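Please walk through this fold with the model open beside the text. Start at one residue, then widen the view.

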Amino acid sequence: MEEDIRGPKKFIIAGAVTLLILVVAGIIYFVVRRNNANQPASEVNQNVNVNVNQIVDVDINTNEPAVVDEVDSDFDGLPDVEETKIGTNLYEPDSDNDGVFDQDEVQIYKTNPLSDDSDKDTLGDYKEIFIWRTDPNKADTDDDGFSDGVEVKNGYNPLGRGLIEDAPPGTFNLEGNINQATSTNQINQ
Ligand SMILES: [Ca+2]
Ligand SMILES: [Ca+2]
Ligand SMILES: [Ca+2]
Ligand SMILES: [Ca+2]
């Protein structure tokens, strides 16, 4: 009977000890593993945070001036920064009110956006560019000794020899409008 009782007892004690060892080992394993896993994770987080912060800093630094550069208060295509440098009105797309937008004057026609007559030949930039097709930056476009303004005022062709009235149909007349074939014929007759 005693042996019968001792047998299972031994087994129970052995089993309990084994279980205890397993549990302790398990806890140790779990704790060690958790510590190992946490440490690199926190380091990674720190790295990510540093990188993200650096990227954000860089983005802010590069984007801030770019955004400022692109501000165009009067939507004339010339950024405020550029207008401030040139001295044109940030809130007026045609600062000199000559009919040619600031951006076009600066970037296309190279005329003075602060003067309605860039070459001071008494023929305005708009008329030179869009009507007479003369050089808005050259007072005497055809180099004949008479300024564009004087020629037009006196009825002479600012782009060559002769009178405006003699200019072929499809060019311009005294008012700066396209010549009609009939009026030219009348003049010729
Ligand atoms: Ca502008
Ligand atoms: Ca203008
Ligand atoms: Ca002019
Ligand atoms: Ca001329």
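Which residues does Pro113 touch, not counting residues up to four places away in sequence? The contacts are Ile86, Thr88, Ser95, Asp96, Asp102, Glu105 and Val106. This is a predicted model, so every contact here is one in a prediction. Pro113 sits in the loop between H3 and H4. One of its contacts deserves a second look. Asp102 is 11 residues away from Pro113 in sequence, yet the two C-alpha atoms lie 5.4 Å apart in space.

Now step back to the whole chain. The protein chain has 6 helices and 0 strands. Along the sequence the pattern reads α-α-α-α-α-α. Of its 189 residues, 22% count as buried. Take the contacts between residues at least 6 apart in sequence: 24% of them join residues at least 24 apart.

Confidence comes next. The mean pLDDT of the protein chain is 79, and 67% of the residues reach 70 or more. Residues 181–189 have a pLDDT below 50, and beyond near neighbours in sequence this stretch has 5 contacts in the model.

Return to the loop between H3 and H4. Tyr109 is also placed there. Is Tyr109 buried, exposed or partly exposed? It has 18 C-beta neighbours inside 10 Å, so Tyr109 counts as partly exposed. Leaving out residues up to four places away in sequence, Tyr109 touches Val100, Asp104, Ile129 and Pro136. Tyr109 and Asn137 are 28 residues apart in sequence, with 8.5 Å between their C-alpha atoms.

Lys110 lies between helix H3 (102–108) and H4. Lys120 is found in the loop between H3 and H4 too. Their backbones deserve a check. Lys110 has a phi near 55°, a positive value in a residue other than glycine. Lys120 is not a glycine either, and has a positive phi of about 55°. What of their surroundings? Lys110 has 11 other C-beta atoms within 10 Å; with a limit of 12 or fewer, Lys110 is therefore exposed. Lys120 also has 11 other C-beta atoms within 10 Å, so Lys120 is exposed.

Follow the chain into the next helix. Which residues of helix H4 are buried? In H4, residues 125–132, they are Asp125, Lys127, Glu128, Ile129 and Trp132. An α-helix has 3.6 residues a turn, so residues three or four places apart point the same way. The buried residues of H4 pack against helix H5 (148–153). Ile129 is also one of the residues touched by Tyr109. Just after H4, Arg133 takes a positive phi of about 60°.

One last stop lies earlier in the chain. Glu82 belongs to helix H2, residues 80–86. With 17 C-beta neighbours inside 10 Å, Glu82 counts as partly exposed. Glu82 and Val71 are 11 residues apart along the chain, and 9.9 Å separates their C-alpha atoms.

Technical notes:
Residues are numbered from 1 along each chain as its sequence is written. Chains are lettered from A and ligands numbered from 1 in the order in which they are written. This is a predicted model: local features need pLDDT of at least 70, side-chain atom pairs count only at pLDDT 80 or more; totals for chains, interfaces and linings use all residues. A residue is buried if 20 or more other C-beta atoms lie within 10 Å of its own, exposed if 12 or fewer, and partly exposed in between; C-beta atoms are placed from the backbone. Helices (H or I, at least four residues) and strands (E, at least two) are DSSP runs, numbered from the N terminus. Two residues are in contact if their C-beta atoms, placed from the backbone, lie within 7 Å. pLDDT is the predictor's confidence in each residue, from 0 to 100.
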